[in-house]
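Hi everyone, thanks for making time today.

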Amino acid sequence: MKQITFIIVSLFGFAGFAQQATDSVATYKKRVLETTEVDFLASYYTQDGNNAAVSGGIGTEKLTDVTPTIVVSIPLNDDDVLTIDGGVSAYTSASSSNINPFDGNQPADPFVESTGASSSDMWTNLTGTFTHNSDDRNKIWSAKLSVSSEYDYFSLGFGGSYTRLFNEKNTEISVNANVYLDTWNSIYPYELRPFSENGSGLNSNLFNAHTITGNTNYTPIFNEFSDESRNSYSLGLSFSQILSKRAQGSLLVDVVQQQGLLSTPFQRVYFADVEDSFIENFQLADANELLPDTRFKLALGGRLNYYLNETFVFRTYYRFYNDDWGITSHTAKIEIPTKISSKFTIIPSYRFYSQSAADYFAPYEQHLSTDQFYTSDYDLSKFTANQYGLGVTYTDIFTGFHLWKLALKSIDLNYHYYERNTGLNANIISGGFNFIVF
Amino acid sequence: MKKFIVITLLIAGASSCTVVKEYEKVYLNDPQMMLGKTKKSDRFETNFQAYREAAAGANGGKTGGGCGCN
């Protein structure tokens, strides 16, 4: 019996030693990111329409925007990546110029942009993201911090995500959360400013320098916001699954709660039961936009990708959206990446979008002064939109082209044309250069 | 909504049925098969849609906050 006991204990001892020997053997682990990557991105956007919110649902919506961005991804070690994302958006807008339509060189008119200082602005953003992967690459978590600023808006955001892969990486579940603590620096329509609590009303310089026509007894409702904070809290879940050797799909859910100043302070509203007042050709605001201070959003989306053959891939997307402002929308998109050579891929796409109107929306001159909330922003109206796109991607896996210490990995260029049945149309050209540092 | 629930259950059920080995993922690993954005410049398209439309979320883009938009 003693001999048997000795043998058994010895075997466990050897087993333990063997296990230790196995643990001490180094296993190969591929780096999450082999080397630093740099992306130079840019977009050029133009739009036009006739339902500017700044002039109560009428007037030019002409806008031009240029957005250059740089993204640097730095591998800190085998498992961790730090990404720095910085960009600016410089825009000129006919509609924002009409926040003060009286500072230009020509008569004030909602269909003509003012040449004054309010016609342009710049938005800047800096975001840092840290990502950590587990040794087996089945668990990934990230943390993000962002700051953005423009003349009338400041944002501080932070968030994180956790992703778990299992089922031999056939299944992926991810959860993400974001918080944005934003603040307006409210800018109001110029003619409303004299009607603030300590303002001089009709005795202000504006009304002394210009003649009011129509209703000369101009007495607007000035919604001056004392609390300019705007906070957004979002929680997202996604589930991805490989369906076959050629197909994979995902389901996404996002819930968002917003609270604070959700109105846009400089957007005008005109009431049907109030007589109109004008300076030159510009109708003076009966009020500025007033919306509830809370909003709950729910978005459900799904993707399905199918690899048909070496030439064609089908990418499809659908989203259902609903919020407590009464808006329901549907989005459907299809892309067909088509490989025309080993380096070039062209990507035609089509997107359809439809939404119902917010409960608080009414077109120009259809709100009543007794309404609790009111907006004539056509982004919250009922509409359908079609978007047509064409992109081209060039990929060189051998990174033959070098620029100093940067090796070119890929170039992409995209064009999209967007049109709403309200008359708004837009064009956007965007692209990027992806380099690796060697 | 009912269709979405049915699709959800089908895909959830599929997770227990299909296992594609790593060496069988030649087609799935194609860059164009990636679920979500395939290139960083796709953000510009998503951003202008978030500005011009009331809906946001479930697409990897803005869900609200960070801008004075809807």
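Let's start with Lys333(A), which forms a salt bridge with Glu45(B), the closest N and O atoms being 2.8 Å apart. Please keep in mind that this is a predicted model. That pair also belongs to a network of salt bridges, in which Arg315(A), Lys333(A), Glu335(A) and Glu45(B) are linked.

How many salt bridges are found across the interface of chain A and chain B? There are eight, and over all chains the structure holds 20. The interface also has 29 residue pairs in polar contact. On the side of chain A that touches chain B, you'll find 31 nonpolar, 30 polar and 21 charged residues.

Now let's step back to the whole interface. Here 82 residues of chain A are in contact with 49 residues of chain B. Together the two chains bury about 5,800 Å², with 55% of that on carbon and sulfur atoms. Lys245(A), Leu251(A) and Asp379(A) supply 10% of the area that chain A buries against chain B, more than any other three residues.

Among the buried ones are Phe44(B), Glu45(B) and Phe48(B).

Two further salt bridges between the chains deserve a look. In one, the side chains of Asp39(A) and Lys40(B) meet at 3.3 Å, N to O. Asp39(A) lies in strand β1 of chain A, and Lys40(B) in the loop between α1 and α2 of chain B, so the pair joins two chains. Are these two partners buried or exposed? Asp39(A) is buried, with a relative accessible area of 5%, while Lys40(B) is partly exposed at 33%.

In the other, Lys339(A) meets Asp30(B) at 2.7 Å, N to O. This pair crosses from strand β18 of chain A to the loop between α1 and α2 of chain B. Lys339(A) counts as partly exposed at 25% relative accessibility, and Asp30(B) as buried at 11%.

Finally, a salt bridge inside chain A: Asp79(A) and Arg137(A) meet at 2.8 Å, N to O. They link distant parts of the chain, 58 residues apart, with Asp79(A) in the loop between β2 and β3 and Arg137(A) in the loop between β4 and β5. Both Asp79(A) and Arg137(A) are buried.

Technical notes: Residues are numbered from 1 along each chain as its sequence is written. Chains are lettered from A and ligands numbered from 1 in the order in which they are written. This is a predicted model: local features need pLDDT of at least 70, side-chain atom pairs count only at pLDDT 80 or more; totals for chains, interfaces and linings use all residues. Side-chain values use heavy atoms; hydrogens and water are left out. Contact means heavy atoms within 4.5 Å. Buried area is the accessible area (1.4 Å probe) that two parts lose on being put together, summed over both. A salt bridge is a side-chain nitrogen of Lys or Arg within 4 Å of a carboxyl oxygen of Asp or Glu. A polar contact is a pair of N or O atoms within 3.5 Å; within protein, one must be able to donate a hydrogen and the other to accept it, and residues adjacent in sequence count only if both atoms are side-chain atoms. Ala, Val, Leu, Ile, Met, Phe, Trp, Tyr, Cys and Pro count as nonpolar, Asp, Glu, Lys and Arg as charged, and the others, Gly among them, as polar. Buried means under 20% relative accessible area, exposed over 50%, partly exposed in between (1.4 Å probe, protein chains only). Helices (H or I, at least four residues) and strands (E, at least two) are DSSP runs, numbered from the N terminus.
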